[in-house]
Amino acid sequence: MSGARGRGHDLKLAAGWPALNHDRDSKRCFPTRERAPDPRTGAREGPARDEPRKAFCKCLPSTVLWRRNRTWQTTTANKESPMTRPVSFSTIAAVMLVSSAAAPVTPSGLYRVWVSGHGTDGASCGSPTSPCRTLQYAHDNIVLASGEIDILDPAGYGAVTITKALSIVNDGVGTAGVQQANASSAAITINAGASDAIYLRGLNIDGLGTGQDGIVFNSGGSLTVTNCVVRHFAQTGILVQTHNGTSLLSISNTIASDNAVNGIDITPSKNGSVKGTITGVDASRNAASYGIWVSGDSTSGTATFVMVSDSNLSSNGTGIAAAGAGVRFGITRVIVTNNSVDGVGTFNGTSGVPTAYTWGDNRVSGNTRLDINGNLTAVSGK
Amino acid sequence: MTKFVSLSTIATVMLVSSAAAPVTPSGLYRVWVSGHGTDGASCGSPTSPCRTLQYAHDNIVLASGEIDILDPAGYGAVTITKALSIVNDGVGTAGVQQATAGLAAITINAGASDAIYLRGLNIDGLGTGDKGILLNSGGSLAVTNCVVRHFINYGILMQPSSGTTLFSISNTIISDNSSAGIYVKPTGTASAKGTITGVEASRNAYGIYVDGSFSTGTATFVLVSDANASNNGSTGIFVGSARLAITRSTASGNGDGVYVNSGTVYTYGDNRILGNGSTDVHGVLTSVTGN
């Protein structure tokens with residue numbers, strides 16, 4: 001072989017295998033005479049006479065492809081990777097032949113992945129000229145952690161579960177829809193790591209009156225929702241129920257309306273706390289319960305603080321309310337009207353009464369039972 | 001549902017059902033319309049969009065679904081009879097024109113709990129159409145990022161006859177209509193409760209006109225914030241037999257700035273009502289303080 005035989009061929013493995021993008025001069029992957037450690041002995045140097053039978057392809061830093069006799073094998077630092085499976089020579093050869101006709105280099109993942117209504121999900125999707133079709137495929141197969149999925153054109157992109165740091169961005173190309181009609185599912189579910197930042201911009205998230213929740217934030221370091229619409233869910237528009245330390249939350253320029261229960265529900269559990277800001281949000285017509293609800297009753301965490309400004313919390317059950325001694329919130333320049341129960345509530349939950357601050361510049365009037373049910377602590381601007 | 005059903009009926013239904021095509025979609029929850037689209041039984045995807053709002057409403061979109069605008073075009077007048085969103089998120093002008101006298105561009109005859117949601121539409125009456133948005137019935141109406149202008153009667157008329165209709169009109173221009181820009185007029189036993197925020201209601205006869213006198217319902221309450229109701233021929237904001245609160249709003253260059261015919265108008269003292277031809281405030285504003 002083999003070094004020579006493979007030279008110049010792009011080595012592309014079948015679906016399910018991490019792509020190999022070894023470079024020497026060409027930045028492409030092909031067998032070389034460089035040696036990787038023998039996986040059995042760890043020896044980096046092999047007898048010179050073995051070289052004709054040993055062609056190495058060093059690929060990802062942790063991945064080595066080697067051939068012994070007629071069998072190609074791979075190894076990787078990650079023992080759980082499919083790369084630990086052996087590959088027959090014939091398979092590799094076939095892949096190499098196929099690949100040499102294909103475009104150069106299958107990326108091992110991208111930091112920017114485009115999705116389009118005209119796209120197709122597949123191993124090589126992601127560029128503006130060959131976009132993917134769905135958020136979930138792009139998340140699962142293409143985009144790297146900390147990367148972003150960008151919307152190329154107006155379309156529905158399907159529900160998605162996010163498990164890593166990720167941005168999903170629509171900067172004004174038209175409607176980027178995420179629908180969920182299933183009564184027991186959320187449109188966007190976030191189960192990310194404790195330090196992962198999740199960023200959602202410009203999405204139109206609709207529950208069609210039957211989907212359970214719009215955005216469910218179960219775990220992650222931070223969640224930012226901006227320029228989004230989250231409406232018409234059978235339960236809650238944005239549900240924050242993180243349970244591990246302090247999670248950060250920012251919701252801005254967003255509509256969370258027409259949900260049957262709550263517009264925004266912040267209820268951390270276990271030892272979770274949430275430090276959040278809600279600015280320029282319309283949380284209206286959430287019929288059964290609250291435009292914004294904050295509860296400290298399910299957590300031992302006491303750091304929850306939610307600042308609400310320049311928002312409209314109208315025609316809900318109650319505009320904004322909280323329970324639990326570990327919770328504090330502030331309202332400024334907020335409109336709270338036409339709620340069928342109360343405007344603002346501070347309720348004695350199982351863990352006590354929250355603290356609510358006002359700058360005296362809110363418009364809380366015209367609510368059916370009470371405009372203020374409980375106590376607001378007046379604070380001054382500085 | 002407690003009636004007994006004969007076995008033969010069940011069997012017949014099963015036979016009929018099994019003979020039907022298995023996957024003929026009965027409709028979509030998301031239907032795209034495009035200036036390049038074609039109305040037809042299979043339209044609705046981004047790659048095969050429909051052409052008109054009315055066709056999509058009548059034949060494709062399911063109740064509670066949404067019609068989304070794919071590209072700039074005129075999409076025609078539409079009558080809405082179910083829960084529906086029509087959404088243009090910034091692809092360009094999504095036009096809805098109505099040039100026929102006596103007709104509305106968008107008519108809403110929906111169920112008592114149906115939510116209607118309109119975003120990003122450019123609704124124009126060309127100086128001959130009667131009304132921009134006419135709500136006769138519906139649970140709620142949200143109008144945001146729209147333009148409703150140049151009708152010979154009303155820009156937005158809400159005249160439900162029963163129950164309580166919730167509404168929100170935000171970030172919207174309602175101008176150049178020959179009568180009222182926004183006319184809230186519940187009838188029968190109905191009430192209308194809503195917010196008008198960030199709205200320009202100018203160069204109409206009346207910018208905002210809330211009148212509860214046609215209804216026995218007593219819950220009508222409207223909060224107006226960050227609005228500009230100026231240069232209307234008659235009145236910036238007119239209130240009769242209803243309650244309305246205004247904050248951070250402007251009314252100038254009208255005949256009357258705010259006209260309290262009856263009912264109660266609350267002010268937070270932060271409005272700019274000045275330079276109106278007849279009176280800035282006709283009647284009494286009730287001061288309330290922020291909280």
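## A loop residue to start with

A:S315 sits in the loop between β22 (304-309) and β23 (318-323) of chain A. Helices and strands here are DSSP runs, numbered from the N terminus: a helix is H or I with at least four residues, a strand is E with at least two. The phi of A:S315 is near 60°, a positive value in a residue other than glycine. Most residues other than glycine have a negative phi.

Is A:S315 buried or exposed? It's buried, with 28 other C-beta atoms within 10 Å. A residue is called buried if 20 or more other C-beta atoms lie within 10 Å of its own, exposed if 12 or fewer, and partly exposed in between, with C-beta atoms placed from the backbone.

## What kind of model this is

This is a predicted model, where local features need pLDDT of at least 70, side-chain atom pairs count only at pLDDT 80 or more, and totals for chains, interfaces and linings use all residues. Residues are numbered from 1 along each chain as its sequence is written, while chains are lettered from A and ligands numbered from 1 in the order in which they are written.

The model scores ipTM 0.82 and pTM 0.77. For confidence residue by residue, look at pLDDT, the predictor's own score from 0 to 100. Chain B has a mean pLDDT of 92, and 91% of its residues reach 70 or more. Now find residues 1-25 of chain B: pLDDT stays under 50 there, and the model has one contact beyond four places in sequence for them. A contact means that the C-beta atoms of two residues, placed from the backbone, lie within 7 Å.

## Chain A and its strands

Chain A has three helices and 30 strands. Of its 382 residues, 51% count as buried. Take the contacts in chain A with a separation of 6 or more: residues 24 or more positions apart account for 64% of them.

For a closer look, pick strand β19 (residues 262-266) of chain A. Five of its five residues are buried, so β19(A) is largely enclosed by the rest of the structure. Two strands pair if DSSP finds at least two bridges between them. Strand β17 (residues 236-240) of chain A pairs with β19(A) in the parallel sense over four bridges, and A:T236 stands opposite A:N262. β19(A) also pairs in the parallel sense with strand β21 (residues 290-295) of chain A, over three bridges. There, A:I266 has A:V294 as its bridge partner.

## Over in chain B

Strand β20 (residues 235-240) of chain B is mostly covered, with five of its six residues buried. It pairs in the parallel sense with strand β18 (residues 206-211) of chain B over five bridges, and with strand β23 (residues 256-260) of chain B over four.

B:R248 lies in the loop between β21 (242-247) and β22 (250-251) of chain B. Its phi is near 50°, again a positive value in a residue other than glycine. With 18 C-beta neighbours inside 10 Å, B:R248 counts as partly exposed.

## Where the chains touch
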